[in-house]
Amino acid sequence: MEIEESELKLDPGFADRFDSEDRRPDCQLYLISPPAITPAFVDTLAAALDGGPVAAFQLRLKGIDDHAIAKLAEPIQKLCADRDVAFIVNDSIGLAKRLGADGVHLGQEDGDAREARQILGPSVQIGVTCHDSRHLAMEAGEAGADYVAFGAFYPTTTKQVEHHPDPSILSWWTTLFELPCVAIGGITPDNAAPLVKAGADFLAVSGAVWNAEGGPAAAIAAFEKAIRG
Ligand SMILES: Cc1ncc(COP(=O)(O)OP(=O)(O)O)c(N)n1
Ligand SMILES: Cc1nc(C(=O)O)sc1CCOP(=O)(O)O
Ligand SMILES: [Mg+2]
């Protein structure tokens, strides 16, 4: 079913981000884990978070089962709570429920946002991958997502990607909807500016932080500088 832009009345979502004057908040950093980690990663993350503000952390581990992810997650989730960073689980509604995560990120093949809402309740943040599709984003909004994610904006070695939106999809979205949008894919401190300018509410980044020559904390500090202009 086609959705008309004018039909949508979306909740602001992603937890009270709009102030009393309805001003759109500044762009924030949404950190994504490396695809594989060891138990020592919690210390790496702690040091990284010292580099600057991070709004959310997504545990995105590939190639291991939910039980193994749950074991690795425990200290990381505690660290995130201590640092006031939203802890988001990738891919699995069931794991997000089991861990009591702050949110879940769902790709187009990972489950349905409506079902996630029923299972996880009203206060858990639900994000949905929308690639380069305005239609998918409006569908996700209608289904009750708390944010929509567009990408991949730049070449990335973290994941094989097929879709390459133009930054204008971010300005289109933010002009029409309050629901926050996330930009993802190959984002670095050096190429972030057009996405921030186009209105991204969050920059989701992985490789540019974990593989940074100067280390993760310096990379996060550099993102903060890029975001603030
Ligand atoms: C914030 C954010 N945006 C997009 C994705 C990608 O999700 P998906 O398409 O399900 O791909 P995988 O991450 O599961 O490989 C994401 N994880 N986070
Ligand atoms: C997990 C993911 N999803 C993408 C999408 O386009 O939906 S791009 C991507 C990889 C993000 O990592 P990096 O910052 O290292 O490119
Ligand atoms: Mg997924």
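## Residue I119

Leaving aside residues up to four places away in sequence, I119 touches I93 and K97, where contact means heavy atoms within 4.5 Å. I119 belongs to helix α4 (residues 113-120); helices (H or I, at least four residues) and strands (E, at least two) are DSSP runs, numbered from the N terminus. With a relative accessible area of 34%, I119 is partly exposed; buried denotes under 20% relative accessible area, exposed over 50%, and partly exposed in between (1.4 Å probe, protein chains only). I119 and A204 are 85 residues apart in sequence, and their C-alpha atoms are 25 Å apart in space.

## Basis of the model

This is a predicted model, in which local features need pLDDT of at least 70 and side-chain atom pairs count only at pLDDT 80 or more, while totals for chains, interfaces and linings use all residues. Residues are numbered from 1 along each chain as its sequence is written, chains are lettered from A and ligands numbered from 1 in the order in which they are written, and side-chain values use heavy atoms, with hydrogens and water left out.

## Annotated domain

An unreviewed UniProt entry assigns "domain: Thiamine phosphate synthase/TenI" to residues 29-209; such annotations may be inferred rather than shown by experiment. Over residues 29-209 the chain is 38% helix and 19% strand, with the end C-alpha atoms 11 Å apart.

## Annotated binding site

The unreviewed UniProt entry also places a "binding site" feature at Q58, L59, R60, L61, K62, N90, T129 and K159. Of these residues, Q58, R60, K62, N90, T129 and K159 are included in the lining of the largest pocket. On a 1 Å grid over the protein atoms alone, a pocket is an open set of points with protein on both sides within 12 Å along at least five of seven lines, and lining residues have an atom within 4 Å of a point.

N90 lies in strand β3 (residues 86-90) and counts as buried because its relative accessibility is 9%. Residues up to four places away in sequence not being counted, N90 touches Q58, L59, R60, K62 and H105. K159 is located in the loop between β6 (147-151) and α6 (168-176).

## Packing of α1 and α2

The axes of helix α1 (residues 41-49) and helix α2 (residues 66-82) come within 9 Å and cross at roughly 20°; axes are lines fitted to C-alpha atoms over the stretch in contact, and angles run from 0 to 180 degrees between N-to-C directions. The two helices are therefore roughly parallel, a term for angles under 35 degrees. F41, V42, L45, A46 and L49 of α1 make the contact with P75, I76, L79 and C80 of α2.

Conventions. 1 Å grid on protein atoms, 1.4 Å probe; cavity = no way out; pocket = protein on both sides within 12 Å on 5 of 7 lines; lining within 4 Å. Parallel < 35°, antiparallel > 145°, perpendicular 65-115°, else oblique.
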